[in-house]
Amino acid sequence: MEKIEQTPFENISFNVPEVLSRIHRHQEQVRDIICANYVDFVSSNAHEKLLDTVKTLESEIKDLVASPSQAASLDKSSVAWNDLRHYQRDLEEGIRGYKIARRLLSIHDLFESLNLLGNGYEKTAHILSKIKALLNDVQDPILPELNCFESLMLRYETEHEAFIHDLNAQFNDLVKLQQRSFQNTKSVTIQIHKDENVLYQVVVTLLKTQHNFQQLCRFLIEHVFGPVIVKPVSLICNEKSNEQNVSINLSYQLAVGEELRPGYKTVLSNMVQIFYNLSNMNIVVSDDECLFKVLAKQTKKHLCSMLIEQCLERDIPGTIEEMKDCSMVKDVCEFNTFLETSNFVDGENDQLLVEYANSIETIHQKKLCDNVLETALGIIKRESHEMVLIEDHEYQFGGSSTIGQRSSCMVTRTVVDLKKFLDKVLAEVAAAHGEAADRLLKTIATIVERYMVDVPMANEKLLFKIPQQSALFRNDCAYLNYWLQKNDDKLKDHCSFASISEALKARGEDILQQQLNNQRTQMMQALNGFTLSINLIELGTEQQRAIRQCIRQFELLKNVWQTVLPDPVYKHSLSGLIDTFVREFIKRIQSLEDITTAIGNGLVQLFDIIKEALPSLLKEPSEIHQLVKQWPKLLQLGQILRGSLVEITELWAEGKGPLTMCFSAEEVKHLIRALFQNTKQRQTCIASIV
């Protein structure tokens with residue numbers, strides 16, 4: 001096509017139609033090509049000639065469009081001016097039509113260039129992106145309305161899908177992922193080709209097409225890093241210079257017990273080795289873009305969470321000694337630095353491991369305290385029927401304030417073991433400092449509080465029914481309470497140990513008191529058989545059985561309490577029961593209005609049984625006079641039951657005799673009236689009792 005020569009403005013009426021005609025012919029030719037390739041799908045090569053003439057036509061249009069700007073000086077009444085105005089709209093429409101034709105021809109030309117030999121992955125991706133830009137140009141509203149637009153879009157999508165498929169296939173050939181499962185084991189292999197040029201082109205192109213590498217990410221998490229974190233693995237990495245591939249070989253058991261889990265040092269070492277070898281595929285496009293960063297965006301949070309929850313958390317030491325020798329904080333920070341240096345960063349979760357490392361000390365303290373509490377509760381819940389003798393201990397089991405008082409008693413093996421364990425914990429408190437020491441002290445307080453609650457709850461029936469168990473629990477509480485008091489300076493008055501000490505002591509005494517109440521109830525039930533009434537002629541076996549049953553009850557308590565309870569507590573506990581029994585015995589005799597000779601003789605026999613049996617319940621029988629308040633009254637009652645009127649009168653001795661210490665005048669008169677018939681001697685005796 002020849003270029004139109006510059007013509008004077010008078011000939012513009014000829015030039016405009018000529019150019020418009022050429023545009024129309026060009027549009028027809030482009031339409032034929034588009035229809036042939038995207039509508040009728042008939043092969044055509046005519047577009048090559050059109051490409052040669054496009055530049056010429058563009059130049060002519062440019063010159064023609066520039067002509068009106070040169071006509072500013074024309075006389076607006078001239079023929080040239082009128083012709084210019086007449087063809088201006090036609091020329092504008094022709095230009096728009098030309099632009100559409102040119103865009104369609106450019107898109108078609110780009111499609112054709114996709115199949116040229118020598119196109120690399122980057123160039124192909126660039127061509128496809130240009131096609132997509134032309135098809136998605138929002139400034140051209142006419143193109144989407146054309147009949148061929150859907151076909152153009154379909155071809156783009158087909159070409160793009162085929163390109164991505166080919167790209168993925170090439171990447172999978174360069175980075176081979178294999179995993180095979182057997183009956184009990186799994187084998188995982190990753191091979192990375194060392195052809196850096198091809199790998200660079202493929203990875204860079206995938207990155208530019210915003211490929212997400214989901215398959216690779218899923219494979220690494222499920223078959224590589226996941227097992228490495230929780231299972232013992234056999235890891236072999238081969239990076240020999242004479243090999244074409246870098247290989248990572250991993251094998252492990254499918255089912256592994258918790259006890260076989262690898263330590264965190266092994267896990268971190270394996271992960272460093274794997275990342276180091278995976279870095280052979282970490283193509284770097286720029287400072288802000290590389291393959292590892294893409295992988296990190298999808299996997300880093302999950303990977304760090306697995307590492308923390310399923311590995312590091314388990315390996316945080318549970319003792320102060322282990323923590324002193326532990327380098328976990330340093331190791332985790334170094335591993336995080338390694339990931340950053342390797343560009344395995346996502347900008348959001350890069351400090352997860354460092355933040356966790358900074359919290360390891362606090363987690364250790366909590367874990368230490370949890371372990372301490374768990375161990376202590378294990379001791380507390382342990383069933384132990386073994387008793388341990390505690391001799392010459394300077395603690396006030398009897399509640400006495402006498403300084404230096406020494407007493408022996410029995411406690412359970414459980415509380416002895418618990419005390420030894422608390423000694424170890426207290427030693428760790430001394431070795432710790434700050435918050436760690438405070439946490440341990442609070443844990444000691446929790447242990448003692450749990451002891452007060454858990455033991456009675458778990459042994460409620462035993463403590464209530466079996467006197468020995470009640471006595472042992474009382475002693476155990478006193479033993480722990482003594483430990484608290486002894487270590488008061490070390491406990492530093494933390495966690496209200498003073499109130500805990502009081503509560504512990506009160507809890508033990510309360511359990512023993514409940515047992516005493518239970519024994520008192522049993523005794524009173526037995527005394528129901530000791531019935532004395534006005535209709536009774538003589539005492540029978542029922543009354544004797546009731547008294548002997550109570551004495552037998554006291555003897556059983558002696559057998560289980562005398563060597564268990566501290567002597568002061570034993571004396572106080574048993575003497576209280578005996579005193580209640582004696583008071584009840586006296587009360588029932590005093591309530592009789594008439595005591596026959598037969599009944600009196602029976603009461604004397606019972607009195608002798610009681611007088612002989614009860615003092616032997618104590619280590620020092622003579623102490624019964626001080627410990628049982630009603631004992632002197634019982635002895636005087638026995639004298640009244642045996643005595644004559646003269647003897648009773650002498651015992652009263654005009655209000656100055658021994659009877660006056662325990663009996664009132666009215667009580668003595670009542671007993672005289674019940675024991676003796678109404679005679680002058682009785683009247684004289686009663687008259688002297690004032």
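α7 (214–230), α8 (264–278) and α9 (291–315) each supply at least two residues of the lining of the second largest cavity. Keep in mind that this is a predicted model.

How big is that second largest cavity? Its volume is about 60 Å³. What lines the second largest cavity? The list runs Cys 217, Leu 220, Ile 221, Phe 225, Phe 275, Leu 278, Phe 292, Leu 295, Thr 299, Leu 303 and Phe 344. Sort that lining by class and you get 10 nonpolar residues, one polar and no charged. In total, the count comes to three cavities of 30 Å³ or more.

Step back to the whole chain for a moment. There are 690 residues, and buried ones make up 45% of them. The secondary structure comes to 26 helices and eight strands. Now the contacts. Take those between residues at least 6 apart in sequence: 74% of them join residues at least 24 apart.

Next, the largest pocket. About 410 Å³ of space lies in it. It is lined by 19 residues, and the closest to its centre are Ile 380, Arg 382, Ser 384, Val 455 and Asn 459. Which helices supply at least two residues each to this lining? They are α12 (352–381), α14 (434–458), α15 (460–465) and α16 (467–486). By class, the lining of the largest pocket holds eight nonpolar, six polar and five charged residues.

Now to helix packing. I have two pairs to show.

Helix α19 covers residues 541–561, and helix α20 covers residues 567–590. They pack at an angle of about 175 degrees, with their axes 11 Å apart. Parallel or antiparallel? Angles over 145 degrees count as roughly antiparallel, so α19 and α20 are roughly antiparallel to each other.

Here is who meets whom. From α19 come Ile 547, Cys 550, Phe 554, Leu 557, Lys 558 and Trp 561. From α20 come Tyr 570, Ser 573, Leu 574, Leu 577, Ile 578, Phe 581 and Phe 585. By class, the contact of α19 with α20 has 11 nonpolar residues, one polar and one charged.

Look at Ser 573 in that list. Ser 573 sits in helix α20. Is Ser 573 buried or exposed? Its relative accessibility is 3%, so Ser 573 counts as buried. Leave out residues up to four places away in sequence, and Ser 573 touches Leu 512, Leu 516, Trp 561 and Leu 565. Trp 561 is one of the α19 residues in the helix contact.

The second pair is α25 and α26. Helix α25 spans residues 665–675, and helix α26 spans residues 680–688. Their axes come within 10 Å and cross at roughly 170 degrees. Therefore α25 and α26 are also roughly antiparallel to each other. On the α25 side, the contact has Lys 669, Ile 672 and Arg 673. On the α26 side, it has Arg 682, Cys 685 and Ile 686. By class, that makes three nonpolar, no polar and three charged residues.

Now some single residues.

Glu 428 is in helix α13, residues 413–431. How accessible is Glu 428? Its relative accessibility is 14%, so this charged residue counts as buried. Which residues does Glu 428 touch? Setting aside residues up to four places away in sequence, they are Thr 319, Ile 320, Glu 321, Leu 368 and Leu 440. Take Ile 320 from that list. Glu 428 and Ile 320 are 108 residues apart in sequence. In space, C-alpha to C-alpha, they are 6.9 Å apart.

Two backbone points to finish. Asn 343 has a phi near 70 degrees, a positive value in a residue other than glycine. Where is Asn 343? It is in the loop between α11 (328–341) and α12. Asn 343 has a relative accessible area of 26%, so it is partly exposed.

Ala 653 also has a positive phi, near 50 degrees, and it is a residue other than glycine. Ala 653 lies in the loop between α24 (645–652) and α25. With a relative accessible area of 30%, Ala 653 is partly exposed.

Technical notes: Residues are numbered from 1 along each chain as its sequence is written. This is a predicted model: local features need pLDDT of at least 70, side-chain atom pairs count only at pLDDT 80 or more; totals for chains, interfaces and linings use all residues. Side-chain values use heavy atoms; hydrogens and water are left out. Axes are lines fitted to C-alpha atoms, for helices over the stretch in contact, and angles run from 0 to 180 degrees between N-to-C directions. Helices (H or I, at least four residues) and strands (E, at least two) are DSSP runs, numbered from the N terminus. Angles under 35 degrees count as roughly parallel, over 145 as roughly antiparallel, 65 to 115 as roughly perpendicular and the rest as oblique. Contact means heavy atoms within 4.5 Å. On a 1 Å grid over the protein atoms alone, a cavity is a set of points where a 1.4 Å probe fits but cannot get out, and a pocket is an open set with protein on both sides within 12 Å along at least five of seven lines; lining residues have an atom within 4 Å of a point. Grid points are joined across faces, edges and corners, and a volume is the space filled by probe spheres set on the points. Buried means under 20% relative accessible area, exposed over 50%, partly exposed in between (1.4 Å probe, protein chains only).
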